[in-house]
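This report looks at one helix pair and a set of salt bridges. Please keep the sequence and the 3D view open while reading.

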Amino acid sequence: MDTSRDHDNTPVLIVGGSLVGLSAAVFLAWHRVPTVLVERHTGSSVHPRAIGYTTRTLELFRSVGIEVPRSVERGGPPRRARVESLAGAWHEEYPWTPHAQGGSPDDFSPVHGTAIAQDRLESLLRARAIELGADLRLGTKLIAFDQDDDGVTAVLNRGDDGSQYRMRADYLVAADGGSSTIRNTLGIGRGGRGLLSVQRSILFRAPLQDYLRHGVVQFEIDHADLKAFLTPYSDGRWVLMLGDDTERTEDEQRAVVRQAVGRSNVPIDLITTGRWELAAAIADQFSYGRAFLAGDAAHQLPPNRGGYGANTGIEDAHNLSWKLAAVLGGTSRPELLDTYDSERRPIAWLRHDQLFARADYKAFLDAPESAVPIIDDTAMELGQLYRSAALPETGADLPPRAARPVDRPTGTRAPHLWLDTTAHRSLLDEFGRGWVLVSDDHAWELAAARATAELGVSAAFTHIDAATAPDAAAQFRIAYGLGPAARR
């Protein structure tokens, strides 16, 4: 074994360099936590997978200085239609979210959900992680690991020359996918509906932009001889997804794409194909000792109109990263890390159950109707509620989510309000790196300073100035549930 780097040390080692692992690297580096990420591949998959990113995900990226480009085709929630083919009969359009209440998530946020191919987003995340100081080691594979009371020792393999070395980390983040080696090594089981089907996908280029002129960007192909799903990646690439798990030659791939398009003369430029398991499975626990599961390693959630897969994993990474930063920085006790499982695992189960309450996966139910009530996307995305030891006011009597972000019990995301519309500055922009005390009363600034001095924990003060921004001050009191007695 090569010993030239046999004593590498890092506070956090992330295994897996796809969306969730890269997001964790960015969030940790943003908190100035030295982080090493290892990924066995040397770059993104040729076949991008995820495409839709929710308002909440875009808020989290905005908080760490990542600006995700707006989708070319999509404005607002993606529209879906059931069609015979692109050129054939269009049968019906489906609502994005059934039973929507009180607007979309975009109405309560400074940002908007978007569509971008996963490989393009991963490129942005890699660049930002490196800029913030994260150590990304692509082409490096985890061979084995062991943990004790003080940390984790990992054996890593350099893909370029096959040499191995050890790394010592305080904590290990497993972002190594649905078949997670780390989860399996830890002996953590999974619950949920399990394997639903095996999917095949064909990634291709074709001149099909004209079919997007009506604003529909997702097409459920419903033909007597073909059941499939077709959608663009907003960059000239399209993907056709098939549930028959059939191996096809290139000529057969072009033929089935043309069948979905409904034209025999359209030129098809094949890029690659994919084969993947459509599954719904939740790990029995999201942490074990000093190892933490995130993303698909913690929960496999199949693609759906709520965007629960990658987006849920990115939210995992954010929740875990600030807690690791607080513990490693000495401002919180290690017990804070216990709240990662108690906060994030119920969210995974909430989303798992929503999948089968909605039309996308209703066919997998054992009963004609789901007993789970449908929750609209605004509540699911911005009203989800955390219960943990860190939030003693979130008792069992509270619902799993608020109906809207402004109907805010303790434990949900802080409401957005504009502090400066000209500068596009939201109150959410004040949050993200440390503790923040917000008030429309300047007297609280002294309290923040005293807390910082006495506790050694920095608490920034943000003043909502009623003199210069009366509308913001009034909205602040309403959105945050503050009455006259709560102002001092």
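## Basis

The structure is a predicted model.

## Packing of α1 and α3

Two packed helices are described by the angle between their axes and the distance between the axes. For helix α1 (residues 19-30) and helix α3 (residues 118-132), the angle is about 25° and the axes are 9 Å apart. Angles under 35 degrees count as roughly parallel, and α1 and α3 are therefore roughly parallel to each other. The crossing of α1 past α3 is left-handed.

On the α1 side, the contact is made by Leu19, Leu22, Ser23, Ala25, Val26, Ala29 and Trp30. These meet residues of α3 that include Leu121, Leu125, Ala129 and Leu132, along with Gln118, Glu122, Arg126 and Arg128. By class, the contact of α1 with α3 has 10 nonpolar, 2 polar and 3 charged residues.

Across the whole structure, a search finds 28 salt bridges. One of them joins aspartate 245 to arginine 200, with the closest N and O atoms 2.9 Å apart. Aspartate 245 sits in the loop between β14 (237-242) and α5 (250-261), while arginine 200 belongs to strand β11 (residues 190-205), so the pair ties together parts that are 45 residues apart in sequence.

Aspartate 245 is partly exposed, at a relative accessible area of 28%. Arginine 200 is buried, at 15% relative accessible area.

## Salt bridges within helices

In helix α5, arginine 254 and aspartate 251 are 3 residues apart, a separation of about one helical turn. They form a salt bridge in which the closest N and O atoms are 3.9 Å apart. Arginine 254 is partly exposed, with a relative accessible area of 22%, whereas aspartate 251 is exposed, with 60%.

Helix α7 (residues 338-357) holds another pair, arginine 345 and aspartate 341, 4 residues apart and again separated by about one helical turn. The closest N and O atoms of this salt bridge are 2.9 Å apart. Arginine 345 counts as partly exposed at 24% relative accessibility. Aspartate 341 has a relative accessible area of 14% and is buried.

## A salt-bridge network

Which residues are linked in a network of salt bridges? The members are Arg82, Glu92, Asp222 and Lys227.

How values were computed
Residues are numbered from 1 along each chain as its sequence is written. This is a predicted model: local features need pLDDT of at least 70, side-chain atom pairs count only at pLDDT 80 or more; totals for chains, interfaces and linings use all residues. Side-chain values use heavy atoms; hydrogens and water are left out. Axes are lines fitted to C-alpha atoms, for helices over the stretch in contact, and angles run from 0 to 180 degrees between N-to-C directions. Helices (H or I, at least four residues) and strands (E, at least two) are DSSP runs, numbered from the N terminus. Angles under 35 degrees count as roughly parallel, over 145 as roughly antiparallel, 65 to 115 as roughly perpendicular and the rest as oblique. A crossing is left-handed if the near helix is turned anticlockwise from the far one by less than a right angle, and right-handed if clockwise. Contact means heavy atoms within 4.5 Å. Ala, Val, Leu, Ile, Met, Phe, Trp, Tyr, Cys and Pro count as nonpolar, Asp, Glu, Lys and Arg as charged, and the others, Gly among them, as polar. A salt bridge is a side-chain nitrogen of Lys or Arg within 4 Å of a carboxyl oxygen of Asp or Glu. Buried means under 20% relative accessible area, exposed over 50%, partly exposed in between (1.4 Å probe, protein chains only).
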